Structure formats: C-alpha cells, structure tokens
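Here are some notes to read alongside the model.

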Amino acid sequence: MSQERIVLGVIGDDIHVVGNRIIQLALEESGYRVFNLRARNRPEHFYQAALEVNAQAVFVSSLNGEGEYWCSDFRKPFIDLGIPDTLLYIGGNLVVGKRDRGDVLRLFKQYGFDRVYHQEPDIGVAIADLRNDLGHGKAKR
Amino acid sequence: MLDSAGADFIPLTIDSYTRQNQYDIAAELLERSEEKQSSFLNGYPLVVHGWELTRELYRDLNKPVSLRHGTPDARLLVEVALASGIAEIEGGGLCYCIPYSEGFPLDRCLLYWQYVDRICAVHSTDEAPIHRESFGPLTATMVPPAIALAVQVVEALLAAEQGVLSFAASFGQTGSTIQDIATARVLRTLIRRYLDRFDFGHVRSYLVFHQWMGQFPTERSKAAALIACAAQNACVIGADKIVVKTVDEALGVPDPEVNADAVESVRYVFDRFRWVEPVTSTSIEAEIDLIESETVGILEAIFDLPGDVFWESVHRAFQTGLIDVPYSPHADNANRLVSMRDANGSIRIKDPGHVPISEGDLKREHGLLALREDLDGADPSFRRLLHDIGIMA
C-alpha cells in the first residue's frame, strides 16, 4: 500500500521550527509520508503543495497566533482547485492573547478546518484522529 | 550596573529589526518608544543611534564591549560598531545564518561575513586586535558537539584567512557535564591544530562557554541552580569566558538588575569554586575520542569538496547536508540528522543523515544510546525528543 501523504507547515511569519520538526518525525514514525513546508508560509503554499503531491491531509501550525489572520476561508481554494476533500488540521496557539477555547475551536471550524487543536500539547492526539479520519473516508466527515 | 556587578565584558545586544537590516522600522519603533516612554524594541538599534551617541554611552567605561546580535548581513552594523569603539564582534557566516534566518542565502552570508572579518582585521593591531567570536550553540537544540565543533573550526579558518588575529570559539552547555568537559577539550585542541595546519599559528584562540541556551525553567529557584551549575562547569573546563543567563530567562528580556544579579552569582561561583586540575574518567575519555573522530571526519570531508576558495566548499557542505543543524529554521538546512540523549544526558546522533559520520563512530553513538533504558519502550520517539529538548525546564 502506498503511504498516505501529509503536507505540513507553519503559517504566517512564524518561525517556530522545533515543534514543526517534531510533528514531522511523529507523522513519519506513524507511517505517513510528510511534505514539510517548514516555517513562514502563506495559505497558497499549503493548497498548492496539497495539489502537487495529492495530499490526503494538510497540517497547519501557528505558534504565535498569526493563524487567525491567515486562515480565514482556508477551505475555499481547496474547493476551487478540485480537492475539496483534503483533510484540514490546524494546531498551536491559534490566536493572540487569552480567549475562550470553545470560541477558538468554532472560529477555525468556520474557516473550514476538520480538526482544531488549540493549546493541545500532545501531537499524538491529532495523529490518532488522523488515522481515524482517513479510515472513515470522506463520506463520514 | 553590569560593570559594578563584576562583568569583564559588557554585552551590547542588537534589536531584531536591525538584525534583519530593517533600519527604518527600528527608527520608527525607537521614536515610538521615546514618545510612549516604554520600549518597543528588544535590543539596541545601533545603526539608528549611530556611532557618536554610542561612543558617548561607553565613554567612562574601562571594559571591552561585545556586540551580540544574529545578523546575516552585518556589514553596516559592524562598521558602526567599530566606529563606536566596540572591540569584540560575535557572529559568522554559518552561525549567524543557519540558526537565525529562514531564507538568507548562505553563500551571500558567507561573503558578507568575509567582509566583516576583513574590516575587523584591517582595524586590528597586534597590541589591540579587534576580537572575533563565533556562536557555537547554533540552535541550542540537540546539536551534536561534532556539528558545533566543525562549524567553529570552519569559522576560525574563514576569519584567519581574512587576517583576524584574535578568535574565540564557543559552545553551549550540552546538558551533560561529561559532554561539556569532552567538548571543551576537543574544541580547544582542534581549533589550535587546524589554525596551525593552515599557517595561522599567529592567531590567538580562546574558548567561550555559553550557559544553557535551551528552554529554561520558569521557577527562579531552579533557574538559579542551573546558572550556578553552568558556572561550575565553566570552571571545570577552564573556559576563558562565560556568557551568563538570568533567572528570568524563561520569562522574556531581563531587566538590568536581574542581569547584574546573574553576573554576581556567577562571579561568586568563580571565586569560591576554582578548579585547578583537569577532570577525567573513562567515559570522558571515550567521549573525547568520539567527538574528535567525528569532527575531524566532517572537516576533512568539507576540505575535500570542490571550490576555488574555502567558503565555496563550506557552502557546498551546507547544500549537500554535510553540515546539518538540528531544528534550524533555514529552508536549505538538510534536516536529516536526528539526535537524542543517552543515559547520562549527552547528545547522541541517532541518524546522521548526510553528515559524514564513519560507520565505527555511528556504532559507538548507537551503543551509547542503547544504554538508555526507555529506548526500547512503547513510547514513540517524538515524546522522548520533546523530553530531551526540554531537559532543563
């Protein structure tokens, strides 16, 4: 069976790379093929890469809270490009300052993300969800 | 304040906009800081302040000032620094690019630092050399000593080529005292050996120890203990200079009082716990042997790369992953090397990627890693990595 492909990267001018590298290693250890865009990405980097490598999922991180600014309507270009079923995950410190967790989760779901992890320290949670989501196929989402 | 606390060097740390050559933004934020009476800059905007004001600032100070920054293109900054009377310049083409920049082309950075080395040399005399210092901690995140040491030797040679007369190699506290002692021993030996080999015997070399540069504990009591133990390690390795952290390291940019306290506590350790005899043991000797063999292997591989001039070979070494710095933000860093800690906390190479580590050395690395108990457990390695990175926090 061919490996499932994940596009991974940090959005905005955020340069937090330690977590990015750990997520890459964790995904690879779980058997996925990772295309790591690393730090300082714009939204187009993600959907262009997803199209190019035919990715099953996109993992976006934001450590410095820039996510809110960059990710509005994140799903739309994926639909326009004909890859509407790409799984979209985002995690990190998604907004600047302290805000209600539920509000943050709702906001990013509105942006089109399938899974949102706000200040969730364990990447293992997202990987378990990924395995589950990929197993169910697009109809279940 | 640092002067009266007993510091021998007064650091001048540059703000992050100046480091990225964005002098107009630095000027704007300086203006805003003066207006609002609170600082919008995270360091001293030297280029904006200019040399006259800066020279005035240090007029009554009878100690050398050290420029600390992280600037890939430091040509103008260093010109202003030298005009200001600053006699020590930290940085280098590798150490101020790979850990500090996401996309600054390394070949340009090497050339710009060639310029910096040259102007430092031009303004040096035998009695009053402009001192150059490299930044060995790099990303300060699980960097195997051999990588850091290879970078130090390369930068010593690049500086010496341009006529620099006084050069300090440095490294960051590793998290293992055994490895600190071994790293210092090998670094001192190799810097001297390679400078002499390429006819730079006249270049004076020194050793600088950086206190823990990784994630710091947030509790001040633990941070104080870490700082004191790092000072002790600096004594044991006989460092010529130590770069001091503060108890507020985890919390942000420290204020002058906290800085002075840190210098005082390190001074206290230096005065009370002097170390006169070299410390050794079988594991230290084995570590020395391994680090030296690996570093020499990397350096000889770099020398073997094609290039009309040395920096071209160095650039190729980075492009091809012979130099691979873990957790570098730089887009061109190979990111193939994977490192982990062994049972005594020393940083081990698990997967060398394209770094030329010999089969025998890799076997030794894996042998030491295997002694760590949890390594065969069910815990996935990314959890162990997170633990290894944050070992002091």
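**Notes on the two chains**

1. Let's start with one pair of residues: A:Gly91 has A:Tyr117 as its bridge partner in β5(A). Keep in mind that this is a predicted model.

2. Chain A has an open sheet of five strands in the order β2-β1-β3-β4-β5, with parallel pairing. Which strands stand at the edges? They are β2 (33-36) and β5 (115-118) of chain A; each has a single partner strand, so one side of each has no neighbour in the sheet. From one strand to the next, the twist averages 15°.

3. Next, look at the helices on this sheet. Helix α2 (residues 43-53) of chain A packs on the sheet and touches β1 (5-10), β2 and β3 (57-62) of chain A. The direction of α2 makes about 160° with that of β1(A). Helix α6 (residues 123-136) of chain A lies across β3, β4 and β5 of chain A, and runs at about 175° to β5(A).

4. On to the nonpolar core. The largest one has 149 residues, and A:Val58, A:Tyr89, B:Ala150, B:Val153 and B:Ala156 have the most contacts inside it. Which helix gives the most to this core? That's helix α7 (residues 145-161) of chain B, with 13 residues. Leaving aside neighbours within four places in sequence, B:Val153 is in contact with B:Leu190, B:Ile191, B:Tyr194 and B:Leu299.

5. How do the chains meet? Chain B puts 13 residues into the contact and chain A twelve residues. On chain B's side, helix α14 (residues 381-389) supplies the largest share, five residues. By class, that side of chain B has nine nonpolar, three polar and one charged residues.

6. Buried, exposed or partly exposed: what is B:Asp261? B:Asp261 sits in helix α10 (residues 256-272) of chain B. This residue is partly exposed, because 19 other C-beta atoms lie within 10 Å and buried would take 20 or more. Its C-alpha atom is separated by 19 Å from that of B:Phe209, 52 residues apart along the chain.

7. Last, the confidence scores. Chain B averages a pLDDT of 95, and 98% of the residues score at least 70. The model scores ipTM 0.85 and pTM 0.93.

Technical notes. Residues numbered from 1 in each chain as written. Chains lettered and ligands numbered in written order. Predicted model: local features only at pLDDT ≥ 70, side-chain atom pairs only at ≥ 80, totals over all residues. Core = buried A, V, L, I, M, F, W, Y, C linked by C-beta atoms within 7 Å. Buried ≥ 20, exposed ≤ 12 C-beta atoms within 10 Å, placed from the backbone. Helix = DSSP H or I, 4+ residues; strand = E, 2+ residues; numbered from the N terminus. Contact = placed C-beta atoms within 7 Å. Nonpolar A, V, L, I, M, F, W, Y, C, P; charged D, E, K, R; others polar. Pairing = 2+ DSSP bridges. Axes fitted to C-alpha atoms, helices over the stretch in contact; angles between N-to-C directions. pLDDT = per-residue confidence, 0-100.
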